[in-house]
Amino acid sequence: MTESVQDQLRRLMDGVGPGEDATPDMLELTGIVKRYGDFVAVDGIDLRVPRGEIFGFLGPNGAGKTTTIRMIAGVLEPTEGSVVIGGNDLATHPVEAKSRIGYIPDRPFLYEKLSGGEFLRFVSGLWGKDEPASEDRADGLLEIFNLLEWKHELIETYSHGMRQKLLITSALIHQPELIVIDEPMVGLDPRSARILKDLFRVYVERGGTVFLSSHTLEVVEAVCDRIAIIKEGAIIAKGTMDDLRTLVDSGGADLEEIFLKVTGNEDMAEVVAGLQDSSF
Amino acid sequence: MNGITYTGAGVLRLLGPKVRSKLNRNKTDERRRFKWGLLVFVGLFFWTFIFGVIFRMLLYFRGTQGIGDLLAAKLLGLALLTFLMILLLSNVITALSTFFLSQDMELLVAAPVDSVKLYGARLVETIVDSSWMVALLAIPLLVAYGVVYGASWPFYGLAVATIIPYLVLPAVVGSAFTLMLVNVFPARRTRDLLALIGLFAAAGVVVLFRFLRPERLVSPDQFRDLVDFMAVLRTPTSPWLPSEWAAQSLMSYLTGGFDPFPLALLWSTAAAFFVIGAWLHVRLFRTGFTRAQEGAELRKGEARSRWLERLIRAAPATRQLVAKEIRVFFRDTTQWSQLILLAVLVVVYVYNIKVLPLYTGEEVSFFLINVVSFLNLGLAGFVVAAIAARFVFPGMSLEGRMMWLLRSSPLDIRTLFLAKYWVGTIPLLLIALPLIVVTNIILQASPLILGITTVTMVGVTFAITALALGLGALFPNYETDNMAEIPTSFGGLIFMMCAVSYLVVVVILLAWPVNGFLQARLADPSGGAAVTPLLLGTGGALLITVACVVVPLRAGIRRVRSLQ
């Protein structure tokens, strides 16, 4: 079954990938800072994400993950620094930069009174692509997610997971070069979570790039090529899983251990280990 | 069973979060001093105006020998009856959201709260939400009565004691009506439900006018003689209506022989109705609430029609934006149900024009017809502004929570604005133009006046829509889940003030030179009347209109672009 889903995904992802004007780096953050009055939410992040990579963005609650993601998506303007998407600076060429992105926020508000299909056409329209090809792609993705029979129902009748699947679909129909996604697995059932992982893989195989933030460390560990850990608005660790293991000086550490160590919560690791050992 | 003696939260505790949210919002608002200052200023202005009008009327009534007090009592009864009708309608609609659609209801229903206390708390909320405007209107009215009759302070205490049960009664009746409707209609058929309420509202307005017969009061010459007139004045509008009891209670005090019976009647009826309302609530609320929770009917895969998108010939983004606006509007009952209020507003307006005692046999002065025509232009403009406040002003606020999508897409905010602008302007034109033409025909205005006012109305509609959309973006309310709250916000007030000022300026700029021109033509049909003032006036009005279209739209676009 997984095989056929992957084939379907490959067919749907046809045409994804860099155009002729492609730059090697898909995403380039240079010294981005976000201040709210005196409070510094993001404090000078520098980051390059090459094309064809799944990049994971981790951090404790309130570390500045969502703020960073919203700046990448063009929803927030950084106080300082620049965000460059596929060679286009978001500040100076917003339309070109944004047309390369598909953004999936964490628990967003949706137009409750539109049907799923109408919402997808609306989103395609915003990207200037409300054409039959987009609709076919949308139908294909909805089918994979078991959502096709719900296409004509109003979004207000959707469950949380169904909304998440609709959003993922909406971010893919205009064939972006970069998917920016905040907490991708929230609300998804195991089957859909598996499909999403496959989808990410196929998407980067075809030249797409994924920037995701998550608290589900197993997912990040399993899916991401490189990982950055952010704390108090600054990146404190960055690299592949092996790089991170070297960093914390522990050969066999899993991401959870690494995360707790670098974010300064080692004692938490012991608590977790204690809980796992106890006879619950 | 396990020794828990939890008695549940009281009414005050249930109301707490609402009051606290309002206070907190106010505390964090940096512009609050300015806002409150302006609100107080505007409030005082309106109060003074209403007080002035009522005061003059009462002085005039007192001057007429014999029937002065009767006329004053009649006027009070009519005002209170109008209030009662407005309160009933507004309570029916408010109760639907406070009791059934409000998002915190789920939490409260799940909590161990006594249903009578919940009823009490929600009733208080319904009364406050639906009645604050009427209560504010009542203050200058009653003060004018107190001042003209030289009443001392106990009168104002009596007024408060009269008004409180007077507000409770329609709230209990209105929410009980809503409760029963929600129970009768299957699932979430609020749409049908509100259509029904609309029918009742329209019927209510007709009944109200049958009761009022205001034209008989202003033209005593239609009665055979004074005795006939007196007889009409003496009969109460209807002895069964609480408005009559309230009027009697207050008038009896003012005219010297205070009669406590009507007041006792008001309080005891309010108390009895509260008990009945609470009983109905305990009996019917759970079923009604459950029904209100049931989702919309599923279509089981049946496709939705796409004629809307096929109809709109525009770039993809604009096409989808316009289609979205129209769909969301018609599928959202809290939005389109306000069309009912709009229909009532228009009916009342046209009716008022129709009963204007302009043509009562004698020759009407040429000047008066002109004045009334331009006044009509201003008032029709006001109707358009009131509609725009309801439907266009909240536009950008409602988009606030979708900004994540709109801003992350390559869409230019300008396109969003223009789509909203056209979706607002065209329906408003469809209302404004028939309104101005019909009222002009009723007024028997000359073709020239008809032409001038109709063309002006087009400009006015364009300007008012732009003001509503632009100011709605400059003073947004992104937090509320209740769209009806947005027009009554501070920004809504600013919009209405701007719209009214704009209308006054345009009407004055046009009416003066047009009247002068027509007078000169009348005096000397062959001679050339001075055209310069006419050109200056029209030019000025045109200039202001263009400014009112361009400036707010630009400012709004800039604001949304810089939004974080």
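Q: In what order do the 4 strands of the open sheet in chain A stand, and how do they pair?
A: Read a sheet from one side to the other, strand by strand. In this predicted model, the order is S2-S1-S4-S5 in chain A. The pairing is antiparallel.

Q: Which are the edge strands?
A: Look for strands that pair on one side only. Here they are strand S2 (39-50) and strand S5 (88-89) of chain A.

Q: How many bridges join strand S1 of chain A to S2(A)?
A: Count the bridges along the pair. Strand S1 (residues 25-36) of chain A has 9 bridges to S2(A), and the two run antiparallel. For one facing position, find Lys34(A): it stands opposite Val42(A) in S2(A).

Q: What domains is chain A divided into?
A: Start with the residue ranges. Domain 1 of chain A covers 2-239, and domain 2 covers 246-280. The contact between them takes 11 residues from domain 1 of chain A and 8 residues from domain 2 of chain A. Their centres, taken over C-alpha atoms, are 29 Å apart.

Q: What area is buried between domain 1 and domain 2 of chain A?
A: Ask how much, then which atoms give it. The area is about 800 Å², and carbon and sulfur atoms give 82% of it. On the domain 1 side, Leu217(A), Glu221(A) and Ile229(A) lose the most area to domain 2 of chain A, together 49% of what that side buries.

Q: How many salt bridges and polar contacts lie between domain 1 and domain 2 of chain A?
A: Count each kind separately. There are 0 salt bridges. There are 2 residue pairs in polar contact, both at pLDDT 80 or more. The residues of domain 1 of chain A that touch domain 2 divide into 8 nonpolar, 1 polar and 2 charged.

Methods: Residues numbered from 1 in each chain as written. Chains lettered and ligands numbered in written order. Predicted model: local features only at pLDDT ≥ 70, side-chain atom pairs only at ≥ 80, totals over all residues. Heavy atoms only, no water. Domains from an automatic or database assignment. Contact = heavy atoms within 4.5 Å. Buried area = accessible area lost by both parts, 1.4 Å probe. Salt bridge = Lys/Arg side-chain N within 4 Å of Asp/Glu carboxyl O. Polar contact = N/O pair within 3.5 Å; in protein donor to acceptor, adjacent residues only side chain to side chain. Nonpolar A, V, L, I, M, F, W, Y, C, P; charged D, E, K, R; others polar. Pairing = 2+ DSSP bridges.
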